[in-house]
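Try each task on your own before you follow the solution.

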Amino acid sequence: MISFGPTEEQEVVREAMREFAEQVFREQAREADEQSALPADLLDTVWELGLTSTQLPEAFGGGGEVRSPITNAMILEELAFGDPALAIASTAPSIFAFAINDFGTDEQKQAHLPRFCGEKFAAATVAVAEPSPVFDVLNLQTTAEAKDGGFVLSGTKHFVVLGDQAQQFLVLARNEQAIGGGFAAIDAFIVPRDAEGLTISEIDKNLGMKALPTVTINLDAVQVDADARLGGDAGIDAARLIAQMRTASAALRVGLSRAVMEYAIPYAKDRHAFGEAIAQKQAIAFMLSDMQIEVNSMRWLVWKAAARLESLEDATQAASFAATYSAEQAMKVADNGLQVLGGHGFIREHPVELWYRAARTLTVLDAVAAV
Amino acid sequence: MIDFNLTDNDNKILDYIRTEALVARKYARYYDENEAEFPPEALDEADQFPGVWSFMGDRTPEDSGQSVIGMLITMAENWGDYSVRMRKGRGVGLGNAALGASGTEEQRTKWGGLLLSMAITEPGCGSDPSLVQTTAVLDEETDEWILNGEKIFVTTGCRSDGVVLWATLDRSAGRAGIKSFLVEKEAPGFQVSHKEKKLGIRADDTATYVFQDCRIPRGNLLGGKEEIPKAGSGGFRGVMKTFNMTRPLTAAFGLGMSRAALDFAREQLEGSGVDLSYGADTHGLSAAAAKFQRLEALQEAAELTVLHAAYLSDQGEPNNLEACISKAKGGSAVREITQGCIELVGPMGASREHLLEKWFRDVRITDIYEGTGQIQNLIIARTILDYDRTQLK
């Protein structure tokens with residue numbers, strides 16, 4: 001049955017996240033961007049919300065709630081509405097923990113999940129993107145070669161979020177032994193921070209979402225044991241993992257777009273020119289209505305992809321739609337939002353230039369969060 | 001709970017509609033090229049098809065809501081062809097939506113079985129109905145309304161049994177003076193003057209109506225309220241309510257055809273060895289595949305805005321904003337999609353050997369009728385800015 005109605009529980013979560021994002025993230029976003037650093041204590045504060053642990057099994061100390069990509073997509077939209085950089089940093093451990101939960105062996109869950117159910121923020125992340133302009137997740141240049149009963153990992157990953165402090169990296173690599181290409185050749189490996197041959201760069205200096213620490217990691221023949229391969233001998237459903245991340249990125253872009261729209265609307269009503277508010281001019285008003293159309297359109301694509309993930313169906317197509325569509329539209333919304341503000345859109349007193357930079361950054365990152 | 005899966009019952013209906021639609025599609029070219037003819041009330045094949053109603057009996061609350069399945073059926077029918085149907089339905093004209101939205105219980109019962117067209121546009125008035133010149137004057141002696149005026153671009157205008165039209169009780173009262181009237185074809189002074197020649201949807205019946213001292217019973221004023229509401233009291237919103245269902249519906253017409261265009265382009269591209277499989281990032285796709293998938297995502301997004309508006313209607317929630325969003329999104333999407341599909345398949349797409357060029361022409365009306373894309377944007381903007389029509393013109 002086609003339904004766009006969130007559950008009551010989801011409505012409550014959305015509302016709570018919206019308030020939190022407005023009161024905590026929005027307040028701190030500008031200063032964090034200027035400082036190119038996360039606010040002190042922010043990650044610990046967010047950790048108390050239990051964004052990662054709530055949907056992990058009780059057996060490992062989690063909340064035991066059902067894994068819900070739909071609920072998570074809603075949370076990401078709301079958090080990114082507050083600030084996308086802080087949203088990604090706060091939820092980075094979920095990318096790692098959800099992947100272990102969804103694809104890991106019992107031993108891997110036992111070994112890793114309890115850490116994400118504790119009281120202290122547990123930094124972990126995923127490493128997917130590679131520093132090549134022709135990067136394609138189906139053609140990874142980072143390789144995993146079977147050797148001595150384990151694997152040797154070689155390659156470079158960049159834009160690894162929270163890589164400055166992550167204790168574990170989930171590294172996506174092309175398994176040289178895999179039969180066939182595409183998703184079947186993608187494996188994920190749990191690599192500890194202190195692995196020999198793993199070097200981690202200084203924190204990157206980026207265009208947008210400057211508060212979000214990202215690093216480049218280099219894997220120089222990093223030897224890992226066989227049990228580092230996520231899912232053990234069976235490996236992972238890589239299409240699903242990628243779809244989770246693409247859907248999450250798209251959800252973040254909905255939130256960012258909504259932030260721009262909701263800021264531009266009151267500004268346009270307040271700013272006067274030639275005897276009336278600029279919002280009373282169709283040239284401005286139609287940019288705003290387009291934003292509303294696209295925020296809705298993006299959100300339904302995200303929900304559809306998340307719903308397919310939630311019912312354990314193949315979400316490759318739906319997630320691709322959500323990701324490519326939102327990448328294009330979120331950039332356009334931020335671009336037009338800046339235009340509505342005119343000169344003020346260019347001034348760092350308003351958040352719009354921050355969102356403009358964030359939009360160009362976020363719309364080229366497909367693996368910075370998971371639902 | 002958020003859910004985008006169709007139930008077995010939903011699929012049973014849609015599979016059936018698509019089977020019918022493919023039969024109807026065989027006749028699409030003929031009626032496009034022979035626009036003076038109307039597609040028949042029923043195709044020759046109709047005796048082999050039981051009709052969709054025979055599949056509707058076992059619907060349950062678990063199935064998609066009535067408006068939602070209605071939109072999906074509409075898309076599936078139009079995926080076959082805009083005009084040709086296995087059987088021409090009764091009671092599915094735009095005027096029927098108006099009767100449902102504005103008529104009294106008694107009026108809905110009385111005329112619900114008729115096929116009703118909707119006449120708003122006049123030679124001098126389209127998007128701004130406050131300029132309606134057609135007048136309705138009450139003759140107290142005979143208890144009749146006397147109508148005078150001309151209506152153009154009346155969809156299903158020749159075939160319909162009657163029409164819901166907008167006429168003013170008082171031109172000086174602007175929008176507040178406009179009322180909806182139901183006029184049956186037999187009414188004296190009602191003349192159907194001709195069928196228009198068009199870019200697309202040529203088989204569709206688009207008529208011009210002339211009303212010359214046309215007399216109808218006093219009870220034919222929809223809703224029955226004869227007084228002119230004071231300016232700003234929202235009386236006009238009653239007649240505008242009609243659009244909350246017809247706007248998503250017209251978007252669904254167009255999206256059915258743009259889906260057909262995508263299916264044709266996919267068939268041609270894959271048949272020529274272009275890999276359209278999903279999952280790769282942009283650099284893992286050919287330029288054609290990247291473009292195709294972008295258009296498909298646009299199609300999907302637009303369809304979802306239509307289903308969202310319909311879903312709200314099924315829930316009894318207001319959907320004025322969402323209806324406009326679906327119409328604006330659908331209207332612009334079908335233009336881009338059909339234009340893009342021709343680009344993707346090249347000159348073949350411009351050949352009348354195939355239906356793609358027809359879909360390209362047919363969908364173009366989507367962004368014009370039932371309020372142009374710009375009108376939708378205007379309403380959306382007023383809504384999100386909390387402006388009235390004097391503040392945002």
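**Exercise 1.** Which elements of chain A are included in what covers the buried residues of α10(A)?

Before we start, note that this is a predicted model, in which local features need pLDDT of at least 70, side-chain atom pairs count only at pLDDT 80 or more, and totals for chains, interfaces and linings use all residues. Residues are numbered from 1 along each chain as its sequence is written, and chains are lettered from A and ligands numbered from 1 in the order in which they are written.

*Solution.* 
- Step 1: find the helix. α10 of chain A spans residues 352-362. Helices here are DSSP runs (H or I, at least four residues), strands are runs of E with at least two, and the numbering starts from the N terminus.
- Step 2: apply the burial rule. A residue is buried if 20 or more other C-beta atoms, placed from the backbone, lie within 10 Å of its own, exposed if 12 or fewer, and partly exposed in between. By this rule 9 of the 11 residues of α10(A) are buried, and the helix is mostly covered.
- Step 3: name the buried residues. They are Val352(A), Glu353(A), Leu354(A), Trp355(A), Tyr356(A), Ala358(A), Ala359(A), Thr361(A) and Leu362(A).
- Step 4: look at the cover. It includes α1, α4, α6, α8 and α9 (343-346) of chain A.

**Exercise 2.** Describe how domain 1 of chain A meets domain 2 of chain A.

*Solution.* 
- Step 1: count contacts. Two residues are in contact if their C-beta atoms, placed from the backbone, lie within 7 Å. Here 19 residues of domain 1 of chain A contact 15 residues of domain 2 of chain A.
- Step 2: find the elements. On the domain 1 side, α1 (8-35), α4 (84-103) and α5 (106-112) of chain A give two or more residues, and α4(A) gives the most, with 10 residues.
- Step 3: sort by class. Ala, Val, Leu, Ile, Met, Phe, Trp, Tyr, Cys and Pro count as nonpolar, Asp, Glu, Lys and Arg as charged, and the others, Gly among them, as polar. The domain 1 side has 13 nonpolar, 4 polar and 2 charged residues.

**Exercise 3.** What does chain A bring to its contact with chain B?

*Solution.* 
- Step 1: count. 41 residues of chain A are in contact with 38 residues of chain B.
- Step 2: find the suppliers. α6 (238-270), α7 (282-310) and α8 (316-341) of chain A each supply at least two residues, and the largest share, 13 residues, comes from α7(A).
- Step 3: sort. The chain A side has 23 nonpolar, 15 polar and 3 charged residues.

**Exercise 4.** How do α7(A) and its partners α11(B) and α8(B) pack?

*Solution.* 
- Step 1: recall the description. Two packed helices are described by the angle between their axes and the distance between the axes. Axes are lines fitted to C-alpha atoms, for helices over the stretch in contact, and angles run from 0 to 180 degrees between N-to-C directions.
- Step 2: take α11(B) (residues 373-385). The angle with α7(A) is about 85 degrees, with the axes 8 Å apart. That makes the pair roughly perpendicular, given that angles under 35 degrees count as roughly parallel, over 145 as roughly antiparallel, 65 to 115 as roughly perpendicular and the rest as oblique.
- Step 3: sort this contact. Its residues divide into 8 nonpolar, 3 polar and no charged.
- Step 4: take α8(B) (residues 287-314). Its axis and that of α7(A) come within 9 Å and cross at roughly 95 degrees, so α7(A) and α8(B) are roughly perpendicular too.
- Step 5: name the residues. Asn296(A), Ser297(A), Trp300(A), Leu301(A) and Lys304(A) meet Ala297(B), Glu300(B), Ala301(B), Leu304(B), Thr305(B) and His308(B).

**Exercise 5.** Is Trp53(B) buried or exposed?

*Solution.* 
- Step 1: locate Trp53(B) in the loop between α2 (28-33) and α3 (66-80) of chain B.
- Step 2: count neighbours. Trp53(B) has 9 other C-beta atoms within 10 Å, so Trp53(B) is exposed.
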